[in-house]
Amino acid sequence: MAQTEKRVFDSEEDLAVSLAKYIAHLSDQFAKNKGLFTVVLSGGSLIECLRKLVEPPYVDSIDWSIWHIFWLDESAVPKTHVDSNYKLAYDGFLSKVPIPLGNVYAIDDTLSAEGAAEEYEARLKHLVNSKVIDISAKSGFPKFDLNLLGMGPDAHVASLFPGHPLLKENKKWVTFIKDSPKPPPERITLTFPVINSSDYIALVVPGDAQADAVSIALGGGNPPTADETLPVQRVAPEGLLTWFLDKDAASKL
Ligand SMILES: O=C(O)[C@H](O)[C@@H](O)[C@H](O)[C@H](O)COP(=O)(O)O
């Protein structure tokens, strides 16, 4: 069972300050222990919440050369498209820190969602073989050092949506969706066996739009349908799940 820690902040600004400290501490820990730090990014408001990492002291203190960047999910659109999570991360974060370009693993944006998922999984397997990505001894799935998750108002994480068959995918590392309720419809996404193989997952949820989903996930609130386990309720890392909430997001707890 994952250990869960809940951090509630007066403002999104305070949340961003704490998130940067949390990530910088993990980066230093992995730099010392492994000399590698594999980090998986979501899209959405997460990238804005990373803004304190690209300011002093962290922009100068973090050893960015050991970072390897992956995506939890990505729209099947060109990297220049407004819906591209790569574009969102590049504009708001990656363009401001000296992570080696070869350590940034965007999907192949020339392929369909299905093709891009297959290609990304093949690339991850190659990176496991070359010891960039660990394998969980417990699950046998790739073990990323840090997963940075957002959560939608319907309690989706990555591109894993309530009631969707993908929630039960337990073989593939990367899969695809063509009917995403959140536009655009065609996306790739890591699966829960991969997401949950991490030792560190940060669930970064600012704002009141997600207050209902937070109250269901953390406050024992009733899910929309009794037999349905919401995507966010399936987040259970091998290590520590840390919720980063502001007061608005936690307002119904
Ligand atoms: O590509 C995406 O849409 C994101 O990866 C998605 O999973 C996001 O994390 C949630 O939708 C929350 O988005 P907000 O943080 O903007 O509410």
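**Ground rules**

I number residues from 1 along each chain as its sequence is written. The model is predicted, so local features need pLDDT of at least 70, side-chain atom pairs count only at pLDDT 80 or more, and totals for chains, interfaces and linings use all residues; side-chain values use heavy atoms, with hydrogens and water left out.

**Entry 1: Ile 99**

I looked up where Ile 99 lies. It is in the loop between helix H4 (85-92) and helix H5 (113-129). Helices here are DSSP runs of H or I with at least four residues, strands are runs of E with at least two, and both are numbered from the N terminus.

Is Ile 99 buried or exposed? Its relative accessible area is 8%, so I noted it as buried. (Buried is under 20%, exposed is over 50%, partly exposed is in between, with a 1.4 Å probe and protein chains only.)

Next I listed its contacts (heavy atoms within 4.5 Å). Leaving aside neighbours within four places in sequence, Ile 99 touches Trp 64, Trp 67, Ile 69, Leu 94 and Val 104.

**Entry 2: the core**

I followed Trp 67 next. The largest nonpolar core has 85 residues, and Leu 41, Trp 67 and Phe 93 touch the most other members. (Such a core is a set of buried Ala, Val, Leu, Ile, Met, Phe, Trp, Tyr and Cys residues joined through side-chain atoms within 4.5 Å.) Helix H1 (residues 12-33) gives this core its largest share, eight residues.

Beyond four places in sequence, the contacts of Trp 67 include Ile 23, Phe 37, Leu 53, Phe 93 and Ile 99.

**Entry 3: helix H4**

Which residues of H4 are buried? I found Asn 85, Tyr 86 and Ala 89. Down the axis of H4 they fall within an arc of 105°, so they line one face of the helix. (The arc is taken from the directions from the helix axis to the C-beta atoms.) Their cover includes strand E2 (37-41), helix H2 (46-49), strand E3 (67-71) and strand E4 (73-75).

**Entry 4: the ligand**

I counted 14 residues around the ligand (a heavy atom within 4 Å). Ser 45, Asp 73, His 156, Ala 158 and Lys 182 come nearest.

How far is a ligand oxygen from an N or O atom in the side chain of Asp 73? The distance is 2.6 Å. For the side chain of His 156 I also noted 2.6 Å. Taken alone, the ligand exposes 410 Å², and the protein buries 88% of that. (These areas use the Shrake-Rupley method with a 1.4 Å probe; for residues, only the protein chains shown count as cover.)

Key:
Polar contact = N/O pair within 3.5 Å; in protein donor to acceptor, adjacent residues only side chain to side chain.
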